[in-house]
Amino acid sequence: MTLSINDLIAAQPTEVCDADLTQPIFEFDGVATYGPGASKDDVIPDPVIRRGQLPVEYQKMTPEELDGRIVAAREKLGEDVVLLGHYYQRDEIVKYADFLGDSYQLANAALTKPKASTIVFCGVHFMAETADILSSDEQAVILPNLAAGCSMADMADEESVDAAWEELLEIYGSEPDENGKQPVVPVTYMNSSAALKAFCGRNGGIVCTSSNASAVLEWAFERGQRVLFFPDQHLGRNTGKAMGIPVEQMPMWNPYKAKGGNDDETLAAAKILLWHGFCSVHKRFTVAQIDKARADYPGCKVIVHPESPMPVVDAADASGSTSGIYAFVEKQEPGTVIAIGTEINMVNRIAAEHPDKTIFCLDPVVCPCSTMYRIHPGYLAWVLDGLVEGEVRNQIVVDEDIARDAKVALERMLAAVPS
Ligand code: SF4
């Protein structure tokens with residue numbers, strides 16, 4: 001099954017969140033922002049690469065020609081290359097993937113192919129960085145389009161987090177309390193730069209995913225009095241609330257304001273300081289959409305991703321990571337109607353894989369992750385042809401010191417949450 005954004009719209013007559021998404025991909029790719037659609041209102045930080053580079057020859061190829069190039073290159077390269085596809089990736093890419101999964105599953109999947117000299121990561125930038133950190137020194141990691149970033153990850157940059165940390169040390173001090181607990185433990189979501197994972201590694205902190213966030217927070221509270229959680233405020237708030245932490249004790253930390261925009265009393269009581277970040281795709285889900293799904297399909301089940309706002313998670317029947325959503329769907333009886341609040345490519349794929357159930361996206365507007373969308377078969381063909389010619393294009397290399405410290409934070413996560 002090959003569905004472009006136009007096919008998605010045709011298959012499910014509805015609006016698209018920005019008309020620019022219906023442009024030919026290479027025009028879309030030239031837009032000097034994260035791209036229209038889900039991330040169009042995001043503030044774009046300066047260092048972000050805004051446009052991929054692809055020779056015109058590849059831009060002009062038909063889907064069939066690109067298909068032929070990709071298949072031929074893969075045949076020549078054999079097991080020397082492993083191709084990873086994220087759940088949110090379009091089907092035109094996923095059909096070539098050796099593994100399909102979330103960012104962490106994919107980084108681990110790559111470890112099962114130690115003989116592959118190259119990992120082609122069809123996801124976004126932070127995912128390719130994690131794969132580079134976890135893979136061997138002999139393996140190269142490629143991100144087919146360097147403009148495929150993640151707007152949420154870019155909402156917490158190293159400089160702002162360093163500045164916040166300095167301020168927090170002034171407010172809370174740097175010495176452990178009488179129980180040996182440090183004043184603040186930094187916790188970063190997997191959706192963050194390698195530099196921030198390294199920051200956590202250096203400062204007694206840890207990484208979490210959307211499926212292990214509560215176990216990671218427990219780990220952090222065994223070692224600290226409070227947590228600085230970045231970049232996703234919603235995952236932090238939803239997880240903290242499920243652990244019984246009152247919402248008032250989870251204030252937002254706005255990096256553009258003194259003391260994060262909080263008064264002394266709030267900071268004294270705080271258990272989790274939530275960074276002012278969010279996923280543009282998941283923040284689109286609303287309680288009104290859930291009410292409508294229930295009105296249209298009485299008895300339907302609703303599951304949303306924990307990057308959704310807290311009222312949405314509270315109103316849903318369940319919340320879960322990408323693998324959690326898969327498991328939830330599989331558990332339901334045939335004939336069940338299920339409304340899902342996550343990225344549209346993943347919802348459509350789950351629906352196609354479960355024809356015995358009626359599955360649809362809570363958001364009636366077609367709005368894919370617009371950064372993930374930048375991985376087009378043209379880029380994939382170009383990087384694979386490069387490998388055939390002996391050239392590694394668009395390699396992601398994490399600085400050695402950063403990789404070492406980031407690995408510390410990732411290994412803490414593995415020890416805290418045995419797989
Ligand atoms: S869906 Fe959201 S968090 Fe995931 S890659 Fe896209 S922008 Fe980033």
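These notebook entries record what I looked up in the structure.

Entry 1, the model. I worked from a predicted model, in which local features need pLDDT of at least 70, side-chain atom pairs count only at pLDDT 80 or more, and totals for chains, interfaces and linings use all residues. I numbered residues from 1 along each chain as its sequence is written.

I looked up helix H6 (residues 103-111) and helix H7 (residues 125-134), whose axes come within 9 Å and cross at roughly 35°. Helices are DSSP runs of H or I with at least four residues, strands are runs of E with at least two, and both are numbered from the N terminus. The axes are lines fitted to C-alpha atoms over the stretch in contact, and angles run from 0 to 180 degrees between N-to-C directions. On the H6 side I noted Ser 103, Leu 106, Ala 107, Ala 110 and Leu 111 in the contact, and on the H7 side Met 127, Thr 130, Ala 131 and Leu 134. Two residues are in contact if their C-beta atoms, placed from the backbone, lie within 7 Å.

I found Gly 123 in the loop between strand S3 (118-122) and H7. Gly 123 is buried, with 29 other C-beta atoms within 10 Å; buried requires 20 or more such atoms, with C-beta atoms placed from the backbone. Leaving aside neighbours within four places in sequence, its contacts include Leu 84, His 86, Ser 103 and Met 372. The C-alpha atoms of Gly 123 and Ser 103 are separated by 7.8 Å, although these residues are 20 residues apart along the chain.

Methods:
Buried ≥ 20, exposed ≤ 12 C-beta atoms within 10 Å, placed from the backbone.
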